[in-house]
Amino acid sequence: MAAKVKKLMPRVVFNKLEKLYQEMQESYDQVAAEIDFTCHGCPDNCCNSFFRHHTRVEWAYFWKGLDECRPELRREIVKRAGEYVEQMQRDLSLGRDPLIMCPVNFDGWCVLYRHRLMICRLHGVPSTHTAPGGQSRDFPGCFRCREKTELLSHVPRVDRTRFYHQLAWLEQSYVGPRIVKMDKVNLTLAEMIVHGPPFK
Ligand code: SF4
Ligand code: SF4
């Protein structure tokens with residue numbers, strides 16, 4: 001299946017990825033409005049959550065943003081990412097989940113917001129995903145959102161299904177037929193930064 005998708009120019013794929021991100025944002029905003037939810041006043045900052053990403057296309061698009069940064073900012077982010085990975089490895093070797101601030105978060109703000117990855121974009125509000133076999137999986141949203149929705153009889157959700165499909169298609173269009181021979185991606189953002197872009 002994957003080999004049948006035609007490889008596209010990175011510029012074309014990135015334009016399509018930006019459109020997909022825009023659709024995610026619209027879907028997120030709609031659900032957030034329905035439950036009257038914002039991050040304003042949150043005592044937490046979920047950018048220290050531990051999660052991994054799975055596509056080279058998002059990895060490359062993130063690096064496009066990093067390449068466009070001022071050199072001193074980029075150097076600082078790369079340094080922070082190295083420290084993140086060291087701490088992450090220590091935590092994992094001790095059997096605990098890392099709780100480390102993302103290297104791109106400065107004083108509570110994402111300095112590469114336009115280039116952040118899908119998981120960053122969909123975290124927060126309730127969502128759902130239906131696998132090809134028909135099984136659905138619901139995600140409750142962050143702790144503040146759960147507090148808002150626990151008494152609702154109907155909880156609106158972002159449907160991640162088509163976003164996952166479109167992202168998988170973009171991944172194949174970006175990588176091309178060689179994707180069938182490549183390892184799956186399973187990296188934190190810090191590891192993606194330390195590694196450099198997926199294709200050099
Ligand atoms: S998504 Fe939730 S936990 Fe994260 S900053 Fe917003 S309100 Fe806070
Ligand atoms: S990339 Fe941005 S939004 Fe995502 S975890 Fe890092 S700082 Fe937060």
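Me: How do the residues of the shell around ligand 1 divide by class?

Reply: That shell has six nonpolar, two polar and one charged residues. Here Ala, Val, Leu, Ile, Met, Phe, Trp, Tyr, Cys and Pro count as nonpolar, Asp, Glu, Lys and Arg as charged, and the others, Gly among them, as polar. This is a predicted model, in which local features need pLDDT of at least 70 and side-chain atom pairs count only at pLDDT 80 or more, while totals for chains, interfaces and linings use all residues. Residues are numbered from 1 along each chain as its sequence is written, chains are lettered from A and ligands numbered from 1 in the order in which they are written, and side-chain values use heavy atoms, with hydrogens and water left out.

Me: Thanks! Which residues surround ligand 1?

Reply: Ligand 1 has Phe37, Cys39, Cys42, Cys46, His123, Gly124, Cys142, Phe143 and Arg144 around it. To be listed, a residue needs a heavy atom within 4 Å of the molecule.

Me: And which ones are around ligand 2?

Reply: Those are Cys47, Cys102, Asn105, Cys110, Arg116, Cys120 and Leu189. By class, this shell holds five nonpolar, one polar and one charged residues.

Me: Where does the charged end of Arg116 sit?

Reply: Over the ring of Tyr113, at 3.7 Å from its centre. The rule is that NZ of Lys or CZ of Arg is within 6 Å of the ring centre and within 35 degrees of the ring normal.

Me: Which ring does Arg178 lie over?

Reply: Arg178 lies over the face of Phe199, 4.1 Å from the ring centre.

Me: Let's stay with rings. How many aromatic pairs are there in the whole structure?

Reply: The search finds four. Rings of Phe, Tyr and Trp (its six-membered ring) pair if their centres lie within 6.5 Å, and planes under 30 degrees apart count as stacked, over 60 as edge-to-face and the rest as tilted. For Tyr174 and Phe199 the centres are 5.8 Å apart and the planes are at 40°, so this pair is tilted.

Me: Where in the chain are Tyr174 and Phe199?

Reply: Tyr174 is in helix H6 (residues 161–175) and Phe199 is in the segment after helix H7 (189–195), so the pair ties together parts 25 residues apart in sequence. Helices (H or I, at least four residues) and strands (E, at least two) are DSSP runs, numbered from the N terminus.

Me: Is Tyr174 buried or exposed?

Reply: Tyr174 counts as buried, at 9% relative accessibility, whereas Phe199 is partly exposed at 26%. Buried means under 20% relative accessible area, exposed over 50% and partly exposed in between (1.4 Å probe, protein chains only).

Me: Which residues form the aromatic cluster?

Reply: Phe14, Tyr21, Tyr61, Tyr174 and Phe199 form one cluster.

Me: New topic, the backbone. What is phi of Asp36?

Reply: Phi is positive, about 55°, although Asp36 is not a glycine. Asp36 is in the loop between helix H1 (10–34) and helix H2 (56–67), and counts as exposed at 58% relative accessibility. Asp107, also not a glycine, has a positive phi near 55°. Asp107 lies in the loop between strand S1 (105–106) and strand S2 (109–110), and is exposed with a relative accessible area of 77%.
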